[in-house]
Amino acid sequence: MHVIGVIPARYSSTRLPGKPLLDICGYPMVWWVYKRVVSARIFDDVIVATDDTRIMEKCNDLGINVVMTKATHRTAAERLQEVSCIIQSDYYIQINGDEPLIDIEALKTISLYNIPQDIPYGTNIITKIHDSAQLMDSSNIKVVFDEEYNAKYMSRTPIPYPGGSIEFDYYKHVGIIGYNRKMLDFYSTSTPGRLEVIEGIDTLRFIDYNKQLKFIPVSNCNMLSVDTPKDVEIIKKKIERYE
């Protein structure tokens, strides 16, 4: 099975414009993400998918595989679908481009065998929530699933509600999502469903339309997304400590 890792790198950002090119210890953030994803050694190829010539030129300068995609994409899944039209593969793994210390072990937990090709199919890494601050943070997408880890629902609010029992764990979505070509084609030709619109969660599209999305639990996967200048400083200190 041929599998590629795709790192969407959009230039526009409300809080941090040009985020993929932010300097972190002498290299742009997108370089750190690409370097760690490649080091996992589970992909046949790793590609940055961007909408901006500045990012593309920097990737070319640093020897990073990069493709130019449209600037009109509203979501990362739409950008991956365009990549799937350019590069043929059996499975496409979306990796957030704003996590320069992405968990390599989490990447390695993705099962890349027996991925169905005859139906729309996707996977999403999830991890247990260990503190109340993460639980109440609306940027952490909480998830519920059945006994076989098939996705049942995703929400910005804590779910399930402990009305009858407190004997359970909360889990959250991690920004490592896999799609086969049929799932990407479905996404690009469908419109947002009711739950997706209400919650503002792109991945709910698959639940709205009863597509198979399988959750993959990993332990202690607490990656830091770079959304503010403070996050940049935290990442720099972590890299200086370990590099």
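Visitor: What is the volume of the largest pocket?
Guide: Rolling a probe the size of a water molecule over the atoms shows where empty space is left. On a 1 Å grid over the protein atoms alone, a pocket is an open set of points where a 1.4 Å probe fits, with protein on both sides within 12 Å along at least five of seven lines. Points are joined across faces, edges and corners, and a volume is the space filled by probe spheres set on them. For the largest pocket, the volume is about 1800 Å³.

Visitor: What kind of model is this, and what pLDDT do local features need?
Guide: Residues are numbered from 1 along each chain as its sequence is written, and side-chain values use heavy atoms, with hydrogens and water left out. This is a predicted model: totals for chains, interfaces and linings use all residues, side-chain atom pairs count only at pLDDT 80 or more, and local features need pLDDT of at least 70.

Visitor: Back to the pocket, then. Which element gives the most to its lining?
Guide: Lining residues have an atom within 4 Å of a pocket point, and of the 49 here, the closest to the centre are Lys19, Asn96, Asp98, Ser225 and Asp227. Helices (H or I, at least four residues) and strands (E, at least two) are DSSP runs, numbered from the N terminus. Those that give two or more residues to the lining are β1 (3-9), α3 and β10. With six residues, the element that gives the most is β10.

Visitor: How many residues of α3 are buried?
Guide: Buried means under 20% relative accessible area, exposed over 50%, and partly exposed in between (1.4 Å probe, protein chains only). The buried residues of α3 include Glu78, Arg79 and Glu82, and as a group they pack against β1, β4 (45-50), β5, β6 (91-95), β10 and α6. That leaves α3 mostly covered, and of its eleven residues the buried ones number eight.

Visitor: Which side chain makes a polar contact with that of His73?
Guide: His73 sits in the loop between β5 (66-68) and α3 (76-86), and at 16% relative accessibility His73 is buried. Leaving out residues up to four places away in sequence, His73 touches Glu78, Arg79 and Glu82, where contact means heavy atoms within 4.5 Å. A polar contact is a pair of N or O atoms within 3.5 Å; within protein, one must be able to donate a hydrogen and the other to accept it, and residues adjacent in sequence count only if both atoms are side-chain atoms. At 2.5 Å, the partner is the side chain of Glu82.

Visitor: How wide an arc do the buried residues of α6 cover?
Guide: In α6 (residues 181-189), Met183, Leu184, Phe186 and Tyr187 are buried. The arc is that of the directions from the helix axis to the C-beta atoms. These residues lie on the same side of α6 because their arc is only 160 degrees.

Visitor: At what distance does the side chain of Asp131 reach the backbone nitrogen of Gln134?
Guide: Asp131 lies in the loop between β7 (121-128) and α5 (132-136) and is partly exposed, at 35% relative accessible area. A polar atom of the Asp131 side chain is 3.1 Å from the backbone nitrogen of Ala133. To the backbone nitrogen of Gln134, the distance is 2.9 Å.

Visitor: Which peptide bond is cis?
Guide: Most residues other than glycine have a negative phi, and most peptide bonds are trans. Pro160 is in the loop between β9 (151-155) and β10 (171-179). With omega near -5 degrees, the cis bond runs from Ile159 to Pro160.

Visitor: What is the phi of Asn210?
Guide: Cys25, which is not a glycine, has a positive phi of about 55 degrees and is partly exposed at 31%. Asn210 is exposed, with a relative accessible area of 71%, in the loop between α8 (204-208) and β11 (212-218). Asn210 also has a positive phi, near 60 degrees.
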